[in-house]
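Hello,

Here is the structure I said I would pass on. My notes on it follow below.

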Amino acid sequence: LNPWDVMLCVSGTAIACENALVVAIICYSPALRTPMFVLVGSLATADLLAGLGLILNFVFQYVIRSETVSLLTVGFLVASFAASVSSLLAITVDRYLSLYNALTYHSERTVLCIHTMLAGAWGVSLCLGLLPVLGWNCLHDPAACSIVRPLTKSNVTLLSASFFLIFLIMLHLYIEICKIVCRHAHQIALQQHFLTASHYVATKKGVSTLAIILGTFGASWLPFAIYCVVGDPDYPSVYTYATLLPATYNSMINPIIYAYRNQEIQRSMWVLFCGCFQAKVSFRSRSPSDV
């Protein structure tokens, strides 16, 4: 057994277990049906499918050796990870809208916008996953293969370019969010004639949280996206594994950042497993900017 494949399978198992719990909690709790948690549920579902894809890829690689199965597995993984990254972008857009249009955020228009974003994200992700299955692969042209067989070089270049575009959009939106947060803190300071320590701490914490979110996302995916562009299939496979493995860690970290830190999800978890709270406990609706 290739130890790198074993590590990917172990990562996939951890990813699937973590995100399956998040999906179960959101489905179990009627109070977690707000647009914010719909987006978190979409992210958890995409990461859950990615984890299952890593497990299936390991099983089929060592148990069932078939070109057709290989194409289906790779396409499934591409679609799952693309949906995960797209859901992260949708969450970022939602956070920006909750601050930029705070007065009109809680409206039917916002719900429609979020559902449209998710439909577009999953639709594009599905199309990207179907490309190698429908013929954009290198099974009959080994010279066109990329570092991720059986994807072609042009295919991984498209995926990398899409990631870079999403990363730049997220970077721009988080910079705008930081500006809005700092502006709000300054306005509060003018109204109260001074900036209290609590306002300073809250602002600093908010900016630090955004930096951690974007930094984690970039550190996980940027090495693999860059290597997809500059790498060559003749290079040792250890380079591909060494950049791909951190990318899978992003799906392992996402539940911690976007779900388990949320008080409503923590409380629902206690209800689901321990029954420490009454089933009809009231939940305080929070803004995406609080998560």
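Glu176 and Lys179 are three residues apart in helix 5 (residues 153-192), so about one helical turn separates them. Their side chains meet in a salt bridge, at 3.7 Å from N to O. The term requires a side-chain nitrogen of Lys or Arg within 4 Å of a carboxyl oxygen of Asp or Glu, and by this rule the count comes to one salt bridge.

This is a predicted model: local features need pLDDT of at least 70 and side-chain atom pairs pLDDT 80 or more, while totals for chains, interfaces and linings use all residues. Residues are numbered from 1 along each chain as its sequence is written, and side-chain values use heavy atoms, without hydrogens and water. Helices are DSSP runs (H or I, at least four residues), numbered from the N terminus.

A cis peptide bond joins Arg149 to Pro150, with omega about 10°.

Helix 1 (residues 3-28) packs against helix 8 (residues 263-273) at about 85°, the axes being 10 Å apart. The axes are lines fitted to C-alpha atoms over the stretch in contact, with angles from 0 to 180 degrees between N-to-C directions. The two helices are therefore roughly perpendicular, a label for angles of 65 to 115 degrees. Leu21, Ile25 and Tyr28 in helix 1 meet residues of helix 8, including Ile265, Met269 and Phe273; contact means heavy atoms within 4.5 Å.

Val63 lies in the loop between helix 2 and helix 3 (67-100).

Regards

Key. Angles under 35 degrees count as roughly parallel, over 145 as roughly antiparallel, 65 to 115 as roughly perpendicular and the rest as oblique.
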